[in-house]
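Dear colleague,

Please find the structure below, handed over for your use. My notes on what was found in it follow directly after.

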Amino acid sequence: MEKRLRKKRLDRGVKARTDTIFMVASFKDITYLLSPRVLPVLFFLVIPPFLGPYSEKVFFHACVYGLLALSFDFLASCGLFSLGQSLFFGIGCYFVGIYDHFLGLPIYLSIPFSSLSTGLLCAALLSPVVRLRGVYFAMITLMLPMLLMRLIEATGVMGGTHGMPGITGFPNEILGLYLGIVSFLFFLFFLRKLMGSDYGLVLKAIKEDDRCVMSSAINIYWYKAQAVFIGASIGGFAGAITTHHFQFIGMSSFALDYSILPLAATALGGQGGFAGAALGSMILVPLSEVLRELGGLRMALYCLILVASILALPEGIFHFLSRQYSQFYTEAEVD
Amino acid sequence: MSLLIYGLITSVTLALYAVGFSLVYGVSGIANFAHGAIYILSGYFIWMGLNLLHLPYWLSFSLSIFLTAFLGFSLYWILLYRVRGIPLAELVTTFATGVAILEFMTWAGFSGIRFSLPPILNGSVEIFGVFLDLQRLVVLASGVVLVVGLYLFVHHTKVGLAFRALAQSERTALSIGIESDWVGSLSMALGSAISAVAAVAVLPLGIMEPTIGYEVLIYALAVAIVGGLESTPGMVIGGLLIGYGQLITAKLFGPKWMIIVPLSMIVLVLGIKPSGIFGKSKELEERV
């Protein structure tokens, strides 16, 4: 009979060493461990001064969408499949309007205040529905921003359809960009740490088997509400810095883009572990800018690329890359 | 009286939008966000059949229904088959496909006054003192026929039995020899065909535009959620509630409040009774 071969995956030696032994000695081990973490951070911090004004804007957008994607990924890993990142984003924007325009707070107060208020308001708004699961929670979060947008249009509060110009801007552009980058990196590593802690374990367990967590006498709704608070604060923060950057608030902040693009980024980069979401948004946002030259065909091509990449790598680019990084293939005989 | 009759027509239209969507979701658990795109695409198929190929009326209608069903079928096997079981990927795939179709049609210039379908029946009748064109009666009739036909199909044929089996438990269905991928793809085909039938009935009332696709998706979601995601009578009730709710709101507050009705109804229903008015089988699953 013909000998048949199959692919077999094995951990690389350096991976096995660095996983378990913590007194790492060799330079190679340390490089292996640190390079995927340090190199991107260095890249992010060094690159901005070399960018032109246009690429700066693109980079800022990528960070904002990255923050939203992180917030989506965080909620998804707590079992809350949210399609309404634009809800958090838009509420964050309008809170900046309240704090900056009506109360006249300085910028270093209005950003943290509005992200915290967004977290509180969204947790209060969504706490009745955190008991919903799966697609039902997704639908309600998809509909809420649309509803708010129509309400603003119909009632005309906060500038109505015209929006409100004249929000205080950042002292200079590069400062705003660095704020975006630093907060993006901060939340990336903060969320990774959080999900590794005991608190994150509870959240992950809620996703896997909520009834099991309930039977351990843990109030899962309270935990889910807290998760919404964290996710919404991050989304609200993204909205707040965007508002200060563009010095304008409009209904467009509830637009579907802010819900769909983070979702697409996460699907492209790989769900879970946050690095995939970050990577995905760093790919998708520049891609959509490149496609802008094509005019009307842009969205269609963009969606096609998205579908193609999801079909090619359903697990996401990041998980694929990390497997290549830590494992190798051998051919093994099929018994 | 005219409010009553036109409300009924609107409601049936909304129910027509939703039937195909809810069938696919109820059977295979795929939230088909490309539904609106498929709907409007079938309208363009008819237009092409009539104006480019110069086919007779009925032939181009049935050709469009067949093509749309085939489109849904191949969508399942080309795209969804590979990402089955990853809800995030399923959702992004269908949504992105829908947007791709709609945006391509916008780019290709498929909008404007010349893109309108001739009505199936011309003329108008007077019912209870209200003038009604016959096409609106066609909508009414096709809505009734579709809902009743679907009910009979699902409850009295072998394929319908497989549909219900898959809806109840995919694993059990597999273990008694129901190929879940085949049934899933059949449900996609049937759902798309139903949306094509809806397009045949509804689209001649106005001009065709790709943006209608997004609208249809929102209404389909609203009706499906309010009525209960997989129940056929729920579609009718959901359509009636939203249709009349919209008309009354438009009369009382003005037309710009109209779109708020379906949105707030979705939020209310999901908050209070997420399985919808008629859904009951998934009562335990959707909330803990």
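Predicted model: local features only at pLDDT ≥ 70, side-chain atom pairs only at ≥ 80, totals over all residues.

Asp181(B) lies in helix 8 of chain B, which spans residues 180-202. Leaving aside residues up to four places away in sequence, Asp181(B) touches Tyr76(B), Trp77(B), Tyr81(B) and Arg84(B). The C-alpha atoms of Asp181(B) and Leu166(B) are separated by 10.0 Å, the two residues being 15 apart along the chain.

**Salt bridges**

One of the residues touched by Asp181(B), Arg84(B), takes part in a salt bridge with Glu90(B), with an N to O distance of 3.5 Å. Arg84(B) is partly exposed, at a relative accessible area of 21%, whereas Glu90(B) counts as buried, at 10% relative accessibility.

Over all chains, the structure holds two salt bridges. In chain A, Glu315(A) forms a salt bridge with Arg323(A), and the closest N and O atoms are 3.0 Å apart. Glu315(A) is partly exposed, since its relative accessible area is 32%.

**Chain B as a whole**

Chain B has twelve helices and two strands. Chain B has 288 residues, of which 55% count as buried. Of the contacts in chain B with a separation of 6 or more, 73% are between residues 24 or more positions apart. The accessible surface of chain B is about 12,400 Å², with 71% belonging to carbon and sulfur atoms.

**The contact between the chains**

The size of an interface is often given as the accessible area lost when the parts come together. Between chain A and chain B, the buried area is about 3,800 Å², and carbon and sulfur atoms give 83% of that area. In chain A, the residues that lose the most area to chain B are Tyr136(A), Met139(A) and Met143(A), which together account for 18% of what that side buries. The contact takes 41 residues from chain A and 41 residues from chain B. The count of salt bridges between chain A and chain B is zero.

**A nonpolar patch on chain A**

A nonpolar patch lies on the surface, with about 870 Å² of accessible area together; the residues that form the patch are Ile30(A), Leu33(A), Leu34(A), Val38(A), Leu39(A), Leu42(A), Leu45(A), Val46(A), Phe50(A) and Val182(A). Helix 2 of chain A, residues 27-46, gives the most to this patch, with eight residues. Ile30(A) has its place in helix 2 of chain A and counts as partly exposed, at 36% relative accessibility.

**Cysteines**

A disulfide is a covalent bond between the sulfur atoms of two cysteines. Over all chains, the count of disulfides is zero. Cys78(A) is in no disulfide, and its nearest cysteine sulfur, that of Cys122(A), is 15 Å away. That distance is to be set against the cut-off for a disulfide, which is within 2.5 Å. Cys212(A) is likewise in no disulfide, with the nearest cysteine sulfur, that of Cys78(A), 16 Å away. Cys78(A) is buried, with a relative accessible area of 1%, while Cys212(A) counts as partly exposed, at 43% relative accessibility.

**Two backbone positions in chain A**

Most residues other than glycine have a negative phi. Gln247(A), although not a glycine, has a positive phi of about 55 degrees. Gln247(A) is found in the loop between helix 10 (220-246) and strand 3 (248-249) of chain A, and counts as partly exposed, at 38% relative accessibility. Phe274(A), a residue other than glycine, has a positive phi near 65 degrees. Phe274(A) has its place in the loop between helix 11 (257-269) and helix 12 (275-290) of chain A, and is buried, with a relative accessible area of 3%.

With kind regards

Methods. Residues numbered from 1 in each chain as written. Chains lettered and ligands numbered in written order. Heavy atoms only, no water. Patch = residues over 30% accessible without salt bridge, like charges linked within 9 Å, V, L, I, M, F, W, Y side chains within 5 Å. Areas by Shrake-Rupley, 256 points an atom, 1.4 Å probe, with all protein chains shown as cover. Salt bridge = Lys/Arg side-chain N within 4 Å of Asp/Glu carboxyl O. Helix = DSSP H or I, 4+ residues; strand = E, 2+ residues; numbered from the N terminus. Buried < 20%, exposed > 50% of the residue type's maximum accessible area, 1.4 Å probe, protein only. Contact = heavy atoms within 4.5 Å. Buried area = accessible area lost by both parts, 1.4 Å probe.
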